[in-house]
Amino acid sequence: MSGGGGGSSRPDPVTPVVPGKGGDGTGGGGADPCVLTEETTLNSPVPAVVSALKPGDVLTVSLERGPPLRVVVRTSAGLTAGSITGAKLPQIIACLEAGVGYIAQVISVKGAAVRVRVTNA
Amino acid sequence: MMIPLHIVGGVYRERCQWPMPETDNVFGSAGRAAAALQGTGIERILHAYIGPDLNDTIDLILGGFEFRIEKHARPIDPVFEYVHCLAVPTITPDLITIPRMAPIHVTAEMAIRFGMLEGDGVVDAGMCVYDPQSAYLPDGFRANGSKAKRLALVANSGEAKALTKTTDLTIAAKALLASEEAEVVVIKCGLDGAIVASANGVARIPAFAVDVAQTIGSGDVFVAVFAKGWMYDGLDPVDAALIASKVTANFIESSILPVELDQRSRNEIRKATGKVYLAGPFFSIGQRWLVDEVRRVLLGLDVKVFSPVHDVGRGSAEDIAPKDISAIHECDAMLAIIDGIDSGTIFEIGYARALGKPVFGLAQSIPEEDLKMIVGSDCIVSADFASLLLQVAQRS
């Protein structure tokens with residue numbers, strides 16, 4: 001919690017823009033909120049699944065209703081490798097709910113730490 | 001049935017530019033501690049201030065970690081922005097404009113309390129782990145009326161010094177046992193590990209080496225894992241702190257939540273004792289800022305540093321060069337900021353390598369061709385600021 005103050009600008013809020021709202025499919029006239037390229041480390045990795053992953057593998061990104069509701073990354077065999085978290089999660093969920101597809105390409109695997117690049121399918 | 005763990009503390013958005021790619025998370029100390037312990041069988045209830053930016057989304061963002069959130073309103077959600085993970089964060093809005101909220105009261109058998117920017121947690125607990133979370137003006141646990149039958153204070157060295165007005169951390173630990181009416185005091189000492197004090201005496205536990213470092217939130221993970229060990233597993237506090245140190249190393253290396261609780265084989269950190277020559281250009285604001293920042297971080301890691309601009313200053317070639325050359329001889333290693341390919345820096349790297357001194361190079365935007373001689377002469381070159389500086393601090 002320690003630190004200095006002094007910033008003047010704030011990042012975009014985490015409230016998702018609903019795809020298609022505003023009639024043009026772009027969430028009201030701006031850049032399409034569902035066009036996404038993001039690198040992240042999978043949380044809640046499943047050791048038995050991630051141990052078989054290698055760089056370049058392409059995984060699917062999907063909603064797992066749960067509860068809890070999660071965005072999970074699955075292999076082509078349908079096995080859950082881990083989950084995606086972070087401030088952009090509400091936006092990704094809104095886009096998945098609207099039918100937008102994403103893939104996650106494996107960048108690196110080190111132990112249970114799997115880095116993926118999430119892009120539009 | 002296991003007793004639930006109530007965690008009161010900050011939930012904040014945290015963005016970090018380096019190491020790349022940028023991370024953008026919503027955890028804060030309390031959110032991260034609650035997430036860290038998913039899968040342990042401990043039911044976790046998070047008590048935190050949540051503002052308008054996060055109110056409708058926080059359950060989605062943290063919901064996957066399977067803990068309950070008791071929200072208390074705040075007018076704005078502070079954001080922490082880090083240039084790199086060892087940086088002093090910029091907090092928006094300005095600290096002075098963040099309103100102080102009425103305290104959150106928590107009555108629980110088991111609790112973790114973190115200090116907060118915008119308010120406070122008043123805890124009445126059977127067992128409690130308290131992390132003051134304030135570098136400047138940490139509060140004692142009982143100062144706000146909090147009570148605990150069994151208290152463990154987990155503070156960093158700066159907080160312990162501020163709370164006791166002493167620089168000797170062993171003395172500080174003993175003093176805090178008395179002044180805080182604590183059963184356990186743990187003082188986190190960075191690369192030096194931690195001091196654990198209790199009625200059984202004072203012990204030191206090591207920190208453990210990692211290959212790469214993403215340090216944001218590592219202290220929160222330590223607190224969560226220590227609390228699990230001490231409160232739920234009934235471990236001796238020294239054993240609980242040792243496990244927390246090992247698991248924290250897992251987290252620093254992987255950033256994975258919930259934490260990996262395995263205690264894999266790791267080397268204990270052996271902190272280097274010599275002096276590091278800080279080579280790099282300082283002729284523009286950006287260059288000078290980076291030299292200052294590298295020096296600040298190294299000094300914060302308790303590394304002795306010779307910096308030409310700080311320790312010699314500006315002057316003529318006849319005046320400056322002999323002093324800098326002399327300092328290269330005296331230092332046992334060099335940290336070189338290679339970006340910009342400054343002629344003086346490249347000369348200093350070559351001079352140090354000719355003397356057989358290890359050179360660690362920070363290079364984030366340099367063509368591979370330009371690094372050929374540097375890499376080929378066994379310099380350790382990295383674009384990862386934090387990992388490189390931690391490597392310098394642990395050099396053998």
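Visitor: What volume does the second largest cavity have?

Guide: The model is a predicted one, and it holds three cavities of 30 Å³ or more. For the second largest cavity, the computed volume is about 60 Å³.

Visitor: Which helix of chain B gives two or more residues to the lining of the second largest cavity?

Guide: The lining of this second largest cavity draws on both chains, with A:Ser44, A:Leu69 and A:Arg70 among its residues, as well as B:Leu60, B:Ile61, B:Gly64 and B:Phe65. By class, the lining divides into seven nonpolar, four polar and one charged residue. Two or more residues each come from strand E4 (70–74) and strand E5 (80–84) of chain A, and likewise from a helix of chain B, namely H2 (58–63).

Visitor: How many charged residues are in the lining of the largest cavity?

Guide: The largest cavity has about 70 Å³ of space, and its lining includes A:Arg10, A:Asp12, B:Arg13, B:Asp53 and B:Asp77, alongside residues such as A:Pro11 and B:Leu54. Sorted by class, this lining has six nonpolar residues and no polar ones, while the number of charged residues is five.

Visitor: Which element gives the largest share of the lining of the second largest pocket?

Guide: The second largest pocket has a volume of about 980 Å³, and of the 40 residues that line this pocket, the closest to its centre are A:Thr41, A:Arg115, B:Thr23, B:Gln214 and B:Ser255. Elements of both chains give two or more residues to the lining, including strand E7 (113–120) of chain A and helix H6 (237–254) of chain B. The largest share, five residues, comes from E2(A).

Notes
Residues numbered from 1 in each chain as written. Chains lettered and ligands numbered in written order. Predicted model: local features only at pLDDT ≥ 70, side-chain atom pairs only at ≥ 80, totals over all residues. Heavy atoms only, no water. 1 Å grid on protein atoms, 1.4 Å probe; cavity = no way out; pocket = protein on both sides within 12 Å on 5 of 7 lines; lining within 4 Å. Points joined across faces, edges and corners; volume = space filled by probe spheres on them. Nonpolar A, V, L, I, M, F, W, Y, C, P; charged D, E, K, R; others polar. Helix = DSSP H or I, 4+ residues; strand = E, 2+ residues; numbered from the N terminus.
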